[in-house]
Amino acid sequence: MFLVVLVVLLVFNTNCYGKSEKPCALKDHLIREIESNLVELKSLHVHTPEYGGHHGETYIRWGKSSCPQKATLVYDGYAAGNDYSIGGSGSNFLCLPKNPDWKEYTSGANHGTGRIFGVEYEIINHKPYPRSFHNQDMPCAVCLAARSTVLMVPGKLKCHKGWNKEFSGYLMSEESTSTRTPSEYICVDEKLESVPGGGAGRDQSVVYPVEAVCGNLKCPPYVGGRELTCVVCSK
């Protein structure tokens, strides 16, 4: 649009002198329109988080209550999701803050509602995490990266060229069985933490390490029965 107007102005500039005032008057009108549009463009702002003068992006660091050194902690909380044995509600995991705000509510368990439960680790065969985390509740941290794009790469421990590593770990999800409700795959930090006092083993919302299965998934390079790694990268 602006290019077309500029071409028209160039034509008017070559024909404006020694002729009627109409072309010149039209040129002045177009100039005023351009100036007005430029003022409007300058007033537009795209709101994105900023970190150190740079636009940032948020991500969730599962299994930790803190952020990597170059990221800023937005808040830490409790990993939460649906009960493995109950249909409905959500299939994704959320990082719930430790200090919730309430508005209008009805106390007690009610019909016609979704439900959300705390997530606990199911570390059965001592791999890839220590057995001591079995049945422990999972913490989480929402982090603001110093860069504008964040990507979780499954099956990798290092980021691709030009990307910066936020953290690495293992891919986890609900157990693969017909009696379980599906969940998303999440990247859980390799240096696990647990929620203090959260070892009751209630088996509500649970996550397990994810193994590769050969078939449609090409083996090699993948290996059947081997736990998958993951890395969260920013750029």
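## Strand 12 and its neighbours

Strand 9 and strand 12 run antiparallel, with six bridges joining them. In that pairing, S168 sits opposite V231 of strand 12. Strand 8 (residues 150–154) also pairs with strand 12, again in the antiparallel sense, over five bridges. Over there, M152 has V232 of strand 12 as its bridge partner. Strands here are DSSP runs (E, at least two residues), numbered from the N terminus, and two of them pair if DSSP finds at least two bridges between them.

So how enclosed is strand 12 (residues 229–234)? Six of its six residues are buried, so the strand is largely enclosed by the rest of the structure. T229, V231 and C233 point one way, C230, V232 and S234 point the other way, and all are buried. "Buried" means under 20% relative accessible area, "exposed" means over 50%, and "partly exposed" is in between (1.4 Å probe, protein chains only).

## A word on the model

This is a predicted model, where local features need pLDDT of at least 70 and side-chain atom pairs count only at pLDDT 80 or more, while totals for chains, interfaces and linings use all residues. Residues are numbered from 1 along each chain as its sequence is written, and side-chain values use heavy atoms, with hydrogens and water left out.

## Three salt bridges

Searching the whole structure turns up three salt bridges, each being a side-chain nitrogen of Lys or Arg within 4 Å of a carboxyl oxygen of Asp or Glu. One of them brings together the side chains of R61 and D189, at 2.8 Å from N to O. R61 belongs to strand 3 (residues 58–62) and D189 to strand 10 (residues 186–189), so this pair ties together parts that are 128 residues apart in sequence. R61 counts as buried at 11% relative accessibility, and D189 is buried too, at 2%.

Another joins K64 and E193, whose closest N and O atoms are 3.3 Å apart. K64 is in the loop between strand 3 and strand 4 (72–81), and E193 is in the loop between strand 10 and strand 11 (205–209), so parts that are 129 residues apart in sequence get tied together. K64 is buried at 12% relative accessibility, whereas E193 is partly exposed at 24%.

Then there's D76 with K98, whose side chains meet at 2.9 Å, N to O. D76 is in strand 4 and K98 in the loop between strand 5 (94–97) and strand 6 (117–121), so to speak distant parts of the chain, 22 residues apart. Both D76, at 21% relative accessibility, and K98, at 44%, count as partly exposed.

Which residues form the positive surface patch? They are K156, K158, K165 and K191. Of these, K165 is found in strand 9 (residues 164–173), and its 47% relative accessibility makes it partly exposed.

There is also a nonpolar surface patch of about 320 Å², made by Y78, L94, L96 and I116. L96 lies in strand 5 and is partly exposed, with a relative accessible area of 31%.

Patches take residues with over 30% relative accessible area and no salt bridge, joining like charges within 9 Å and nonpolar side chains (Val, Leu, Ile, Met, Phe, Trp, Tyr) within 5 Å. Lys and Arg count as positive, Asp and Glu as negative, and His and the chain ends are not counted.

Note on methods: Accessible areas come from the Shrake-Rupley method with a 1.4 Å probe; for residues, only the protein chains shown count as cover. The place of a charge is taken as NZ of Lys, CZ of Arg, CG of Asp or CD of Glu. Helices (H or I, at least four residues) and strands (E, at least two) are DSSP runs, numbered from the N terminus.
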